[in-house]
Amino acid sequence: MIITDIKKGRKYLSSVYIDGELAVKLDTRVVLENGIRAGLEIDDEKLKEYIDLSNTRRAKEKALWLISSRDHSKKELIDKIAKTSDKESARMAADRMEELGLVNDEKFARRYLDELLNIKHLSKRGAKYKLIQKGIDKDLIDEILEDTEVDPKENIRAVIEKKYFKNLSDEKVKRRCIAALQRMGYGYSDINSVIKEYIEDEYYNEF
């Protein structure tokens with residue numbers, strides 16, 4: 001097989017033509033660094049090597065770009081990279097980010113848990129579900145949650161104060177509030193107990 005043409009494109013990609021036909025798009029820097037040029041004879045094994053080099057480079061760059069914007073769990077990073085790369089290159093890139101200390105599931109889980117509990121006011125159960133979705137190991141989640149203290153009723157109050165306080169005496173609003181809190185992982189007994197506090201409170205009844 002003979003490379004008959006190379007055309008530089010956007011996003012650091014070059015189109016490589018073999019025997020007159022478009023064969024593959026490679027990272028332009030891989031093309032330059034490896035002396036890939038028109039007229040070069042190439043076999044399937046060498047082509048695969050160049051493709052692997054290109055995929056690896058682009059996967060690592062995508063990983064760096066993603067983690068520069070915000071923290072990611074390792075699984076989340078792999079899934080996002082794999083949208084524009086092969087799964088193996090995505091996994092290798094995430095492994096490298098982990099080796100460099102740029103990806104750390106425990107640190108990510110602790111930071112994300114703090115946001116879920118103290119900003120979004122989810123229950124521990126709701127937070128655990130979110131962490132599982134991010135690919136955090138269940139044993140690690142349980143270990144972190146065991147070290148975390150949170151008052152479920154205080155979080156329920158925070159949600160009510162933010163969204164439902166003024167209309168909680170309305171039966172439709174009350175049902176909507178209960179359903180939302182249950183989706184956040186709270187048990188009915190805690191929800192009902194806090195709602196009763198508001199409805200029975202003399203200050204609340206002034207509204």
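The second largest pocket of this predicted model is lined by Ile 119, Lys 120, His 121, Leu 122, Val 159, Lys 162, Lys 163, Tyr 164, Ala 180 and Met 184. A pocket is an open set of points, on a 1 Å grid over the protein atoms alone, where a 1.4 Å probe fits, with protein on both sides within 12 Å along at least five of seven lines; lining residues have an atom within 4 Å of a point. The second largest pocket holds about 180 Å³ of space. A volume is the space filled by probe spheres set on the points, which are joined across faces, edges and corners. Helix H8 (residues 152–163) gives the largest share of this lining, three residues. Helices (H or I, at least four residues) and strands (E, at least two) are DSSP runs, numbered from the N terminus. By class, the lining has six nonpolar, one polar and three charged residues. Ala, Val, Leu, Ile, Met, Phe, Trp, Tyr, Cys and Pro count as nonpolar; Asp, Glu, Lys and Arg count as charged; the others, Gly among them, count as polar.

His 121, one of these lining residues, has a phi near 60°, a positive value in a residue other than glycine. His 121 sits in the loop between H5 and helix H6 (124–133). Asp 19 also has a positive phi, near 50°. Most residues other than glycine have a negative phi.

Residues are numbered from 1 along each chain as its sequence is written. Local features need pLDDT of at least 70, side-chain atom pairs count only at pLDDT 80 or more, totals for chains, interfaces and linings use all residues, and side-chain values use heavy atoms, with hydrogens and water left out.

The largest pocket has a volume of about 330 Å³. Its lining numbers 16 residues, of which Lys 11, Arg 58, Ala 59, Lys 62 and Thr 84 are the closest to the centre. Strand S3 (21–27) and helix H2 (44–69) each supply at least two lining residues. The largest share, eight residues, comes from H2. The lining divides into six nonpolar, four polar and six charged residues.

H8 also packs against helix H10 (residues 188–200): their axes come within 10 Å and cross at roughly 55°. Axes are lines fitted to C-alpha atoms, for helices over the stretch in contact, and angles run from 0 to 180 degrees between N-to-C directions. H8 and H10 are therefore oblique to each other. Angles under 35 degrees count as roughly parallel, over 145 as roughly antiparallel, 65 to 115 as roughly perpendicular and the rest as oblique. The crossing of H8 and H10 is right-handed, meaning that the near helix is turned clockwise from the far one by less than a right angle. Contact means heavy atoms within 4.5 Å. On the H8 side, the contact includes Pro 152, Ile 156 and Ile 160; on the H10 side, it includes Ile 191, Val 194 and Tyr 198. This contact has seven nonpolar, one polar and five charged residues.

H10 also meets helix H9 (residues 171–183), with axes within 10 Å and a crossing at roughly 145°. This crossing is right-handed. Lys 174, Cys 177, Ile 178, Leu 181 and Gln 182 in H9 contact Tyr 188, Ile 191, Ile 195 and Ile 199 in H10. Seven of these residues are nonpolar, one is polar and one is charged.
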